[in-house]
Amino acid sequence: MIPGFASRRRFSDLSEREVLALAISSEEEDAQIYRLFAEKLREDYPDSAKIFEGMAEEEDIHRRHLIDRYRKRFGDVIPPIRREHVAGFYARRPVWLTENLPLETIRGEAEEMERASARFYTRAAQRSSDADTRKLLGDLAAAEAGHEKRAEKLVERHLDEDAKAEEDRAAHRQFVLTWVQPGLAGLMDGSVSTLAPIFATAFATQDTSTTFLVGLAASVGAGISMGFTEAAHDDGVISGRGSPVKRGLASGVMTTLGGLGHALPYLIPDFWTATTIAMIIVFVELWAIAWIQNRYMETPFFRAVFQVVLGGALVFAAGALIGAG
């Protein structure tokens, strides 16, 4: 028997009293989540924070209607039943526990919350035998399903085009600072810094298996080093660059991938075939780095090409000359 599931009850086994109690606790929890979203967004996205505060207030209204209906039918004692007590019932993902949540993630989570609530009230209304209760639950299902329209009204009230554009720019900037910038630094380091040891080994030994092992070690070692360095040197609190774990992960993974790109061809036994493919991959990597710099860092394309391709070519030449010598 799976621990924790034995004490859960199926939704179909709940009494009408328990279904109403579950609806009350669900509305209370949703209101708290929306207020947490508002708190997280208030500093960087004050207008969106107002939207979630408005949605929390609407959940409070739903909860009061449910409590009034419950008292009329069952009295003042409400059973403490929650979502986690019901087997197979929808559960809220604890994304609100995560720091530095992207704005679009919060908006998407709120949309999913409303869809799940609408499904719940539709099922609950079908279970009710009392006409007034059935009507209330049906109205709440319609209200939750229509929260998208409600959100649109709140957006119109609190989030004009200029404010939304400003928040979108802030969200894009945060994405660049947290993911793109450390990932790009890692990709550049992995692609360029491993060129010399890999091609020096290749031309010195002309042994593909040895070259691959050196490339693998250099790529993984560089990835670990870059990941820890990025995560440790800035906690993101003052700089606003976001979670150090996310930045370290982006930097470490991209550094490793940058080195592995031209190490993997040396799994091919034929030396010159492997080397030719590796050189083509290096060319693609360097142009990809230049494109990312131009796309996300707003570096002029030709300047990015000159910096990256020239630098990569010099490191490659150094490795090849050292290995051949």
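**Reading the helices**

Modeller: Let us start with residues 274-292, a span that is 100% helix and 0% strand, with its end C-alpha atoms 27 Å apart. Helices here are DSSP runs of H or I with at least four residues, and strands are runs of E with at least two, both numbered from the N terminus. This is a predicted model, in which local features need pLDDT of at least 70 and side-chain atom pairs count only at pLDDT 80 or more, while totals for chains, interfaces and linings use all residues. Residues are numbered from 1 along each chain as its sequence is written, and side-chain values use heavy atoms, with hydrogens and water left out.

Biologist: Which residues does UniProt list for "transmembrane region"?

Modeller: The unreviewed UniProt entry lists residues 274-292 and 304-324 under that name; positions are given in the numbering used here, feature names are shortened, and annotations may be inferred rather than shown by experiment. In the model, residues 304-324 are likewise 100% helix and 0% strand, and their end C-alpha atoms lie 30 Å apart.

Biologist: Is Ile-289 buried or exposed?

Modeller: Buried means under 20% relative accessible area, exposed means over 50%, and partly exposed lies in between, with a 1.4 Å probe and protein chains only. Ile-289, found in helix 10 (residues 271-296), has 0% relative accessibility and therefore counts as buried. The buried residues of this helix also include Phe-271, Ala-274 and Glu-285.

Biologist: What does Ile-289 touch, not counting residues up to four places away in sequence?

Modeller: Contact means heavy atoms within 4.5 Å, and on that basis Ile-289 touches Leu-184, Leu-187, Met-188, Ser-191 and Val-308. Ser-191 is 98 residues from Ile-289 along the chain, yet their C-alpha atoms are separated by 9.1 Å.

Biologist: Where is Thr-208 placed, and which backbone oxygen lies 3.4 Å from a polar atom of its side chain?

Modeller: A polar contact is a pair of N or O atoms within 3.5 Å; within protein, one must be able to donate a hydrogen and the other to accept it, and residues adjacent in sequence count only if both atoms are side-chain atoms. Thr-208 is in helix 8 (residues 208-233), and the oxygen in question belongs to Ile-268. Thr-208 counts as buried because its relative accessibility is 9%. Leaving aside neighbours within four places in sequence, its contacts include Phe-271 and Ala-274.

Biologist: How many aromatic pairs does a search of the whole structure find?

Modeller: A pair of aromatic rings is described by the distance of the centres and the angle of the planes. Rings of Phe, Tyr and Trp (its six-membered ring) pair if their centres lie within 6.5 Å, and planes under 30 degrees apart count as stacked, over 60 as edge-to-face and the rest as tilted. The search finds 8 pairs. The rings of Tyr-70 and Phe-74 have centres 5.3 Å apart and planes at 50°, so this pair is tilted. Tyr-70 and Phe-74 are 4 residues apart in helix 2, which means a separation of about one helical turn. Tyr-70 is buried at 0% relative accessible area, whereas Phe-74, at 28%, counts as partly exposed.
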